[in-house]
Amino acid sequence: MSQLSHAAPTEDRSDIPPTPPVELLRVLAVLAEPPSPEYARVAEAAGLGPAPTASEHGDVFLFQLYPYASVHVGAEGMMGGEARDRLAGFWRALGRTPPAEPDHLSALLALYASLWEEERPEAAHSAIMEQSRAALLDEHIAPWLPHYLARVQELAPGFYSGWAELLSRILAAEADRSGPADRLPLHLREAPGLPDPRRDGGDAFLAGLLAMVRSGVMITRADLASIAATLDLGLRAGERRYALASLLSQEPVGVLRAFAAEARRQGAMHELRTDRWGAGSEFLAARARTTAELLEQLAAEGFDPCEDPPSKSAARVGS
Amino acid sequence: MTDLNELNRRVSAAKAEVEARGETFYPGASRVHLASFPPKERWNDWVELDSKSWPNRVEKRYMLVPTTCFNCESACGLLAYVDRDTLQVRKFEGNPEHPGSRGRNCAKGPATINQITDPDRILYPLKRAGARGQGKWERVSWDEALDDIAARIRRAMEEERHEQVMYHVGRPGEDGYTTRMLAAWAVDGHNSHTNVCSSGARAGYHWWMGMDRPSPDFANAKVIVLVSSHLETGHYFNPHAQRIIEGKKGGAKLIVLDTRLSNTATHADHWLSPYPGSEASIFLAIANWMIQERKYDREFVRRWWNWQEYMEAVQGEQSATFERFEQVLRETYSEYTFEFAARESGLEEDVLREVAGVVSTAGTRLATHNWRSAGSGNLGGWQVARTLTLLNALLGALATEGGTFPNSWNKFTPKPPRLPHQRPRRWNEVLWPREYPLALMEMSFLMPHLMRDQDAYVDVYFTRVYNPVWTNPDGFSWIEMLTDESKIGLHIAQTPTWNETAYFADYVLPMGHASERHDLTSYEQYDGQFIGFRQPVLRTARERLGEQITDTRQVNPGEVWEENEFWIELTWRIDPDGSLGIRQFFESREHPGEKMTVDEYYGWIFDNSVPGLPEAAAAQGISPLEYMRRFGAFEVASKVGQVYEQAVSDSELEDVRVDEMGRVFTRAASPPSPKAPGGTKIDPDEEGRRRVGVRVDGEILRGWPTPSGKLEFWSRTLAEWGWPELAIPTYVKSHVHRDNLEDDQMPMITTFRVPVQIHTRSANSKWLDEIAHTNPLWIHPTDAARVGVEKTGDLVRVQTDIGYFVLKAWITEGIRPGVVACSHHMGRWKPEGQEGQRMGMMTVALDQQGSEWGLTPKQRGGPFSSSDPDTLRVWWTDVGVHQNLTHAVHPDPISGQHCWHQAVRVGPAQLGDSQGDVFVDTRESRAMYEKWLEMTRSADDYSPDGTRRPWWMLRPVRPERDAYKLPVKTEPATV
């Protein structure tokens with residue numbers, strides 16, 4: 001666990017309660033799980049109205065926005081890998097056995113809630129728990145979850161939009177409580193940038209675009225569908241990378257420009273968060289800016305990323 | 001905008017409301033609640049994805065039926081996952097409703113699935129077809145077996161030979177059923193294994209508190225002292241281990257005494273690795289330091305120790321002040337310095353001083369525990385528990401939050417229906433010989449020798465899920481006894497699986513595993529009282545689906561039968577017309593003249609003897625029996641607290657008399673109790689008033705169930721029955737003390753378990769066997785070099801007093817130099833030509849030449865073909881060595897505990913030796929028995945009142961008072 005330094009909180013903290021709404025946090029964590037018979041009762045208690053169907057849950061969490069830190073902060077843009085191992089190590093550093101999916105949104109929120117609940121009044125213990133919570137929040141939640149929730153609010157139907165809004169407010173209060181981190185976590189500092197297709201090949205470029213830690217952009221199937229509709233292109237059903245490659249092959253310049261616009265839009269979202277979330281949001285905003293500039297440059301050059309397949313060695317993502 | 005804190009309050013309130021209804025707020029196992037379980041509302045129809053269908057998502061529907069693990073005595077709660085399509089059990093997981101285990105299990109719980117599907121298990125009643133031990137068996141019907149056994153027992157009863165019927169039990173795994181049955185039969189034949197298990201420590205506790213087991217409140221302790229391997233391997237280890245860890249999380253300091261680097265030692269803040277048998281010296285040094293430095297609770301000692309009795313009886317001071325007692329206490333214990341303890345234990349004085357400092361900070365939150373370990377390893381091992389409890393008694397940390405409770409206050413054994421009013425009339429001298437009048441439990445492991453001394457005969461001998469040939473020391477003497485039909489008339493082995501004792505039986509009767517039998521359990525695992533229910537889960541599952549099951553054999557594999565129904569049926573066949581007066585106790589109350597059913601037996605208990613259960617069941621709209629079948633456990637009370645400080649109510653005080661010791665007697669009858677009768681028996685006063693409590697500082701309080709009503713720092717019982725020099729907590733040099741060993745001998749520790757095994761009971765589990773299947777000799781590198789053992793895996797020969805065994809060495813720094821260790825687990829075997837278990841068992845040749853016995857492995861473990869394809873994947877062949885065969889009996893002359901530690905000579909294996917070889921001369925074992933017998937002080941010579949045993953002391957199936965009287969010396973002893 002790294003020692004993160006914090007800038008002084010920028011806002012008046014007098015309205016921050018002494019402890020967060022821990023049980024509500026746990027309820028919201030549960031609601032990210034597939035609906036079960038108990039789900040309706042839990043949802044009702046949280047004032048979120050009628051429980052969603054399994055299909056609605058599947059659309060948000062299985063098809064659009066994957067609730068795993070590793071997808072969004074891993075250089076591969078996929079579940080598992082080094083990013084998940086890092087989270088497992090974090091659980092172990094706290095003296096806990098990591099669960100099967102230690103980077104799942106629900107697991108992280110439940111862990112955060114536990115770190116509040118288990119705090120004892122002794123100063124030494126309290127300090128350890130506070131440090132543990134700060135590390136969890138700054139290193140493993142801040143780099144992806146606020147933006148993830150913003151995207152859920154944009155894309156999901158009523159129930160999950162409300163869910164994301166509530167959770168965003170709790171996290172914002174927690175960020176205000178600890179103040180913005182003024183130093184990047186090590187794994188972000190070491191995260192590779194977006195590959196340039198002119199040098200690294202199209203495959204690596206596409207994979208990098210879909211990894212938020214490299215591109216600064218969280219792209220969903222819905223985003224790709226929107227681009228396809230705007231440009232009147234055919235959307236191929238399949239994984240995001242396959243669909244994106246298909247769009248680029250139909251009209252590379254238009255897709256690059258549309259993608260660049262999305263990168264600028266999401267970059268602006270990151271920038272709005274920097275006061276509260278500090279260095280992590282600044283980092284993502286910069287990545288999104290760089291991505292937009294590269295895409296605009298490629299569009300100006302009329303470069304087709306899918307036309308010139310790179311060598312296999314150059315294409316290895318994250319190398 | 002919704003206020004988040006207000007919303008949080010609403011959510012918390014909703015959760016509290018749901019949980020108050022006994023329901024689960026959150027969904028089942030999830031990432032959010034890592035230790036959560038299927039919500040109990042959905043146990044009847046629980047859906048999971050079928051792992052074997054992966055990657056296809058195939059849903060499996062289960063009925064979750066609770067039961068109780070039958071492996072170790074922790075009796076943790078299990079949930080059987082019954083496949084609703086096939087009505088077979090697919091797996092076992094933890095029962096979150098069980099207050100002791102709280103849904104958590106060790107490896108042995110889930111491994112129950114291996115046991116019930118074991119391809120070699122015994123499925124039908126078998127009768128021997130050749131000579132006893134010859135290995136020829138024929139399948140018989142239950143009717144044939146029952147009629148034969150019943151006829152013999154009836155004949156014994158008609159001829160007043162009740163003591164020739166004996167029931168020998170290992171870990172009972174149940175409360176009250178069998179002792180009730182033996183009382184109904186009026187048979188003094190209850191023979192437990194306890195003297196090879198925990199009697200040593202239990203005797204130490206008994207003479208302090210009147211109760212014989214500790215129940216530490218680990219979770220709330222400030223300091224924990226363990227003399228056993230509690231984490232992973234100790235007694236009640238799963239319920240205790242989780243609470244020890246909770247205590248540690250709460251900041252408790254953990255002090256562990258273990259000569260080995262055990263799992264528990266690895267978690268300790270202070271690991272002490274003493275020379276075996278010196279543990280009491282450490283506790284005495286800590287106690288002395290606390291006494292000299294006045295770091296003890298003077299008020300507690302003044303109020304609750306029997307110091308006045310001690311001062312009067314021992315010091316001859318009738319009106320001594322407490323200050324005078326303190327002065328005597330300081331003088332008495334002053335010899336137990338840290339220097340003394342360091343010399344005895346081999347530990348450094350500074351370490352002992354530091355540990356004493358930690359203990360003294362505990363206040364009333366000192367949780368201590370000794371079960372086996374040093375208590376069962378050493379001559380005088382009972383003083384380990386007695387000196388350990390001295391620390392609690394000095395700090396007042398008894399029955400306090402975070403302290404140590406006596407078992408009876410943390411245990412609930414409900415009263416059964418038709419409680420027998422009769423008791424055995426004849427004393428069983430084979431089990432309770434006069435030489436051991438203070439033995440806490442039956443002298444079971446001496447049976448071959450006592451039978452010979454007394455020329456005794458046992459007509460009907462049950463070994464019930466017990467394996468004395470393998471478990472007890474001196475197993476070849478057991479074989480000699482069991483094969484002698486002039487000693488054992490009929491031997492019935494009740495066992496789910498083959499064992500070394502069953503080979504020498506006349507009948508082998510298949511009994512059920514955890515999911516195939518009814519039992520009621522309650523154990524002291526925290527400051528609370530609960531009952532756990534074991535049930536045949538397929539019976540319950542089918543009944544939920546509307547079937548009527550009248551006999552558990554209808555759902556169990558083969559003709560496996562549960563014991564409850566078996567004993568009811570056997571009793572009816574012994575006494576078909578009721579003329580013997582025993583059938584009445586197994587007759588239905590609802591339908592007189594008909595057999596009592598298990599539903600009626602347990603239904604009556606749950607309706608009438610478990611406070612709070614009827615109300616809890618009614619809240620759910622079900623009967624108490626249905627409640628227990630559905631949830632498997634019920635907590636009767638929690639936070640029981642300091643019972644001894646409770647004031648006796650006025651309604652119990654009538655024509656009160658207070659004697660000179662402050663004991664209070666009353667004419668008021670005992671209030672009715674839902675608990676089964678038991679515990680110590682304190683005589684009434686001369687005018688027939690019962691003792692109700694003690695007067696302390698003018699108040700009449702409940703006190704302790706000891707003769708004095710106080711904590712017995714000084715035991716009048718020990719003093720009057722021949723042991724005045726050991727009547728206070730003091731030090732006894734072990735039989736493996738350095739002074740008692742030859743130069744080339746070392747002490748060997750044998751009492752520790754392998755974490756995932758439980759004696760012989762779990763050996764038919766393939767999962768557990770794969771993890772742990774052998775028992776090498778732990779030896780320190782310096783010792784290995786000294787005796788010429790070069791590397792781990794080399795064969796060594798270990799020479800005991802009566803023979804030797806051969807095994808592999810494990811050279812490790814995890815044991816104290818100068819000491820070796822070998823777990824008593826492993827080394828399972830079957831004789832050539834016998835049917836039997838193949839998993840984890842070797843096939844051996846037994847060679848007897850007069851008193852000399854050899855055991856030579858012919859085929860070790862390895863793969864074998866069976867209905868389970870996994871058995872072809874067995875990759876290990878080393879299944880260890882049966883070392884207990886080479887142990888002579890070492891009965892402690894006071895507690896009766898077998899003292900397990902051995903004095904051994906270790907050297908490289910000799911020409912012709914092979915792994916697993918055993919040699920024993922039973923003539924030598926007989927000589928050792930006689931040598932230890934010389935240490936005894938017989939009731940014939942020392943009984944202060946002409947009885948065989950102090951009446952007040954605990955005793956299973958207590959006989960009538962008259963049977964306690966010693967026979968007139970001119971008459972032959974009753975056998």
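Modeller: Residues are numbered from 1 along each chain as its sequence is written, and chains are lettered from A and ligands numbered from 1 in the order written. The model is predicted, with local features needing pLDDT of at least 70 and side-chain atom pairs pLDDT 80 or more, while totals for chains, interfaces and linings use all residues.

Biologist: At what angle do the axes of H8(A) and H9(A) cross?

Modeller: Two packed helices are described by the angle and the distance between their axes. Helices (H or I, at least four residues) and strands (E, at least two) are DSSP runs, numbered from the N terminus. Axes are lines fitted to C-alpha atoms, for helices over the stretch in contact, with angles from 0 to 180 degrees between N-to-C directions. Here the axes of H8(A), residues 145-155, and H9(A) come within 8 Å and cross at roughly 150 degrees. The two helices are therefore roughly antiparallel (over 145 degrees).

Biologist: Are the two faces of S25(B) covered or open?

Modeller: In a regular strand, side chains alternate between the two faces of the sheet. Both faces of S25(B), residues 746-749, are covered: B:Met746 and B:Met748 on one side, B:Pro747 and B:Ile749 on the other, are all buried (20 or more other C-beta atoms, placed from the backbone, within 10 Å of a residue's own).

Biologist: Which strand is antiparallel to S25(B)?

Modeller: Strands pair if DSSP finds at least two bridges between them. S33(B), residues 902-908, pairs with S25(B) in the antiparallel sense over 3 bridges, and B:Val904 is the bridge partner of B:Met746.

Definitions and conventions:
Buried ≥ 20, exposed ≤ 12 C-beta atoms within 10 Å, placed from the backbone. Parallel < 35°, antiparallel > 145°, perpendicular 65-115°, else oblique.
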